[in-house]
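Visitor: I'm new to this one and would like a quick tour. Can we put it on screen and start with a single residue?

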Amino acid sequence: MKIKVAPSILSADFSCLAEEVKRVENAGADLIHVDVMDGHFVPNITIGPLVVRALRKITALPLDVHLMIENPQKYVDRFIEAGSNMITMHIETIDVGSFKKLAGDLRNRKVLTGVSLNPDTGLEKIKPVLGDVDFVLVMSVFPGFGGQEFIQASVEKIKQLRAIFKGDISVDGGINDNTAKQAIAAGANILAAGSYIFAAKDVKQAIERIRHGN
Ligand code: DX5
Ligand code: ZN
């Protein structure tokens with residue numbers, strides 16, 4: 001499976017977001033990871049559809065929109081209209097029936113569907129929707145902030161998921177050259193990384209390092 005790198009703009013300089021996106025785009029990013037937080041599901045507030053729409057104008061890369069919000073079904077439409085290509089919803093925020101219905105809508109609209117789970121949520125919680133999603137986003141930190149340390153137990157979780165799921169597996173939180181290597185070996189093929197990429201002097205080298213796990 002091709003390894004894709006998805007820089008999380010949560011760690012970008014928002015005073016010049018367009019340049020920051022260009023910087024990672026020119027350095028070989030495959031996707032732009034957009035962290036949407038509502039101050040309810042997670043203790044932080046970040047980005048809404050308005051910013052997604054602005055990003056849509058300045059990059060051709062797929063926008064990988066990670067919804068860390070309660071009642072995602074209320075807002076999904078607006079994020080799609082704004083130009084999202086991939087939408088991830090947390091299994092902690094939506095019941096299985098509503099998730100399946102929404103995943104069907106997303107498929108009709110040619111938007112890729114992802115399900116995410118927190119570090120303390122077991123894989124059994126997402127099993128009922130694995131047939132409805134294009135990818136699973138495994139949280140390797142508790143969502144809310146960039147720059148946290150990778151939780152080692154995520155490696156085993158990715159391994160177990162890879163044994164039962166053939167789609168894309170994304171890993172998000174605490175990704176650096178070392179943790180990327182472990183996540184890839186366990187079966188992940190999309191790496192969402194914020195601080196490691198945006199804090200790097202050489203962004204291209206940082207992206208290549210995590211892509212090749214060295
Ligand atoms: C955490 C977000 C992550 C975060 C990753 O709540 O979902 O995408 O921005 O940042 P780093 O790579 O710095 O852990
Ligand atoms: Zn994220």
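Guide: Let's start with Asn71, which is partly exposed because its relative accessibility is 38%; buried means under 20% relative accessible area, exposed over 50%, and partly exposed in between, with a 1.4 Å probe and protein chains only. This is a predicted model, where local features need pLDDT of at least 70, side-chain atom pairs count only at pLDDT 80 or more, and totals for chains, interfaces and linings use all residues. Residues are numbered from 1 along each chain as its sequence is written, chains are lettered from A and ligands numbered from 1 in the order in which they are written, and side-chain values use heavy atoms, with hydrogens and water left out.

Visitor: Okay, and where is Asn71 found?

Guide: Asn71 sits in the loop between β3 and α3 (76-81). Helices (H or I, at least four residues) and strands (E, at least two) are DSSP runs, numbered from the N terminus. Phi of Asn71 is near 50°, a positive value in a residue other than glycine.

Visitor: What about Lys110, what is its phi near?

Guide: Phi of Lys110 is near 60°, again a positive value in a non-glycine residue. Lys110 belongs to the loop between α4 (96-108) and β5 (112-117), and it counts as exposed because its relative accessible area is 74%.

Visitor: Switching topic: what coordinates the zinc ion?

Guide: The zinc ion (ligand 2) is held by His33 (NE2), Asp35 (OD), His66 (ND1) and Asp172 (OD), at 2.0 to 2.3 Å. Donors here are N, O and S atoms within 2.8 Å of the metal (3.2 Å for Na, K and Ca), and water is not among the atoms, so sites may look incomplete.

Visitor: Why is the arrangement octahedral?

Guide: Because the six donor atoms around the zinc ion (ligand 2) subtend angles of 71 to 171°. Six donors count as octahedral if opposite donors are over 155 degrees apart and all others between 65 and 115.

Visitor: And what spacing do the donors follow along the chain?

Guide: For the zinc ion (ligand 2), the spacing is H-x1-D-x30-H-x105-D. Asp35 in strand β2 (residues 32-37) and His66 in strand β3 (residues 63-68) are 31 residues apart, a pair linking distant parts of the chain.

Visitor: Are those two buried or exposed?

Guide: Asp35 counts as buried because its relative accessibility is 4%, and His66 is buried, with a relative accessible area of 0%.

Visitor: Next, Asp30: what does its side chain contact?

Guide: The side chains of Asp30 and Lys2 are joined by a polar contact of 3.0 Å. A polar contact is a pair of N or O atoms within 3.5 Å; within protein, one must be able to donate a hydrogen and the other to accept it, and residues adjacent in sequence count only if both atoms are side-chain atoms. A polar atom of the Asp30 side chain also lies 2.8 Å from the backbone nitrogen of Val5. Asp30 is in the loop between α1 (17-26) and β2, and is buried, at 17% relative accessible area.

Conventions: Four donors count as tetrahedral if all angles lie between 85 and 135 degrees; four count as square planar and six as octahedral if opposite donors are over 155 degrees apart and all others between 65 and 115; anything else is irregular.
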